[in-house]
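Look at the model below and work through the questions that follow it.

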Amino acid sequence: SSDVCSSDLEGFFFVYFEGELFRKVDKGLIVGGLKELERVDSLKEVEELLLEKEVKKGKALAVFWLSRRGFFAGEIKQKLENKGFSSLAIMQTLVFCEKIGALNDQKLAEEWIAKELRKGRGSFSALYKIRQWVDVEELVLDYDKIGELEKQAAREYLKKKRIDLSEKLEW
């Protein structure tokens with residue numbers, strides 16, 4: 001049978017099966033389901049039950065986070081890993097979020113670059129930050145559009161600072 005012990009780590013429980021440590025899990029997965037977990041007789045049943053709870057909780061957390069602001073898949077993955085979720089549960093959660101349209105790295109990268117350009121930063125700076133969470137080679141970026149956005153941002157900056165370079169530049 002399985003057993004759950006509280007831990008010294010804030011927000012986590014240790015799950016034991018037949019006296020052996022099985023896994024560390026987020027307490028949000030266990031609370032309210034302790035009796036259900038204690039009735040399980042096989043390791044496979046413990047794995048299935050925890051996976052089911054992880055996927056359900058992972059989807060809820062991801063949708064909550066994504067409702068507040070855009071996140072890259074890598075950011076959601078990191079947040080779930082920090083909470084002790086299994087890689088299988090994380091993968092299922094990310095697939096779900098992509099399927100419902102809440103997670104789109106391509107669109108978010110384009111929006112991020114445009115926002116960084118509006119702030120006066122360059123495209124290389126924006127791409128550098130995006131690389132933390134996304135493999136940039138997998139994105140299909142329109143570099144002509146990015147170049148136009150950079151020019152537009154430069155024009156707006158010059159206009160704001162009341163600098164006239166119209167005679168010197170051909171934009």
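Q: Is the crossing of H6 and H7 left-handed or right-handed?
A: The model is a predicted one. In it, helix H6 covers residues 105-118 and helix H7 covers residues 123-130. Where H6 passes H7, the crossing is right-handed.

Q: How many nonpolar residues are in the contact of H6 with H7?
A: From H6, the residues Ala109, Trp112, Ile113, Glu116 and Leu117 take part, and they meet Ser123, Ala126, Leu127, Lys129 and Ile130 in H7. By class, one residue of this contact is polar and two are charged, while the number of nonpolar residues is seven.

Q: Is Glu138 buried or exposed?
A: Glu138 sits in the loop between H7 and helix H8 (143-160). A residue counts as exposed when its relative accessible area is over 50%. The value for Glu138 is 63%, so Glu138 is exposed.

Q: How far apart in space are Glu138 and Asp105, C-alpha to C-alpha?
A: In sequence, Glu138 and Asp105 are 33 residues apart. In space, their C-alpha to C-alpha distance is 9.7 Å.

Q: Which word describes how H3 lies to H5?
A: Helix H3 (residues 43-68) packs with helix H5 (residues 87-99), their axes 9 Å apart and at an angle of about 45 degrees. That angle makes H3, relative to H5, oblique.

Q: How many charged residues are in the contact of H3 with H5?
A: On the H3 side, the residues include Leu51, Glu54, Lys59 and Leu66; on the H5 side, they include Leu88, Gln92 and Phe96. The contact of H3 with H5 has nine nonpolar and three polar residues, and the number of charged ones is two.

Q: How many helices does the protein have?
A: Along the sequence, the pattern reads β-β-β-α-α-α-α-α-α-α-α. The protein has three strands, and its number of helices is eight.

Q: What percentage of the residues count as buried?
A: A residue counts as buried when its relative accessible area is under 20%. Of the 171 residues of the protein, the buried share is 35%.

Technical notes
Residues numbered from 1 in each chain as written. Predicted model: local features only at pLDDT ≥ 70, side-chain atom pairs only at ≥ 80, totals over all residues. Heavy atoms only, no water. Axes fitted to C-alpha atoms, helices over the stretch in contact; angles between N-to-C directions. Helix = DSSP H or I, 4+ residues; strand = E, 2+ residues; numbered from the N terminus. Parallel < 35°, antiparallel > 145°, perpendicular 65-115°, else oblique. Contact = heavy atoms within 4.5 Å. Nonpolar A, V, L, I, M, F, W, Y, C, P; charged D, E, K, R; others polar. Buried < 20%, exposed > 50% of the residue type's maximum accessible area, 1.4 Å probe, protein only. Left-handed = near helix turned anticlockwise from the far one by under 90°.
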